[in-house]
Amino acid sequence: MKRDEAPLLSPARVMEARELGEKLARLRKARRLRQADAAMRAGLARSTAALIEKGDLGRTQAQILRYLEAIAPGVTLLSLLQESDPSLAALKARELTQRVRPLSKTELDELDF
């Protein structure tokens, strides 16, 4: 029988679990892996991978570490938390909105309010 761990933890710890899941999801996206493929590599069901990425408190440490190893072999949990992986920097650069052409002086003046 599963237990709901949320009432046993402070709200700050629950938020940390969600942040860990979000960081795992970002790393997976940065490595351009589908959730199903990463789950299969880790020996997990895709639904378990989805729960890990949501920060579900019922997932074991072993499941989280296996999922991390499947996404990025050799990356430590500490480097994930520090977001020091080069693929994350590349993802951030791809996510930035980039202008196709520079704005003209009149366009800049119109935007200045």
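A residue is called buried here when its relative accessible area is under 20%. By this criterion, Thr48, Ala49, Ala50, Ile52 and Glu53 of helix α3 are buried in the model, which is a predicted one. The cover over these α3 residues includes α1, α2 and α4. Helix α3 itself spans residues 46-54. Just after α3 comes glycine 55, with a positive phi of about 85°.

The overall architecture is helical. The protein holds 7 helices and 0 strands. From the N terminus, the order of elements reads α-α-α-α-α-α-α. The radius of gyration is 19 Å, well over the 13 Å given by the globule rule for 113 residues, so the protein is more spread out than a compact globule. Along the principal axes, the C-alpha atoms fill a box of roughly 65 × 30 × 25 Å. Buried residues account for 33% of the 113 residues. Among contacts with a separation of 6 or more, 65% join residues 24 or more positions apart.

The surface and the charges were also computed. The accessible surface comes to about 8,100 Å². Carbon and sulfur atoms contribute 57% of that area. There are 21 positive and 16 negative side chains. The centres of these two sets lie 6 Å apart.

Nonpolar packing was examined next. In soluble globular proteins, nonpolar side chains tend to be buried together. The largest nonpolar core here has 21 residues. Within this core, Leu24, Leu27, Ile52, Tyr67, Leu68, Ile71 and Leu80 touch the most other members. Helices α1, α2, α3, α4 and α6 each give two or more residues to the core. The largest share, 5 residues, comes from α4 (61-71). Leucine 68 illustrates the packing. Beyond its neighbours within four places in sequence, leucine 68 contacts Leu24, Leu27, Val75, Thr76, Leu77 and Leu80. Of these partners, Leu24, Leu27 and Leu80 are also among the core residues that touch the most other members.

Glycine 21 lies in helix α1. Glycine 21 counts as buried because its relative accessibility is 0%, and buried means under 20%. Glycine 21 and glutamate 53 are 32 residues apart in sequence. Leaving aside neighbours within four places in sequence, glycine 21 is in contact with Ile52, Glu53 and Gly55. Two of these partners, Ile52 and Glu53, belong to the buried set of α3. Ile52 is also one of the core residues noted above.

Backbone exceptions were then considered. Most residues other than glycine have a negative phi. Arginine 32 has a positive phi, near 60°. Arginine 32 sits in the loop between α1 (11-30) and α2 (35-42). Its relative accessible area is 63%, so arginine 32 is exposed, the cut-off being over 50%. Glutamate 83 also has a positive phi, near 55°. The position of glutamate 83 is in the loop between α5 (77-82) and α6 (86-95). Glutamate 83 is partly exposed, because its relative accessibility is 41%.

Technical notes: Residues numbered from 1 in each chain as written. Predicted model: local features only at pLDDT ≥ 70, side-chain atom pairs only at ≥ 80, totals over all residues. Heavy atoms only, no water. Helix = DSSP H or I, 4+ residues; strand = E, 2+ residues; numbered from the N terminus. Rg over C-alpha atoms; globule rule 2.2 N^0.38 Å. Buried < 20%, exposed > 50% of the residue type's maximum accessible area, 1.4 Å probe, protein only. Contact = heavy atoms within 4.5 Å. Areas by Shrake-Rupley, 256 points an atom, 1.4 Å probe, with all protein chains shown as cover. Lys, Arg positive; Asp, Glu negative; His and termini not counted. Charge placed at Lys NZ, Arg CZ, Asp CG, Glu CD. Core = buried A, V, L, I, M, F, W, Y, C linked by side-chain atoms within 4.5 Å.
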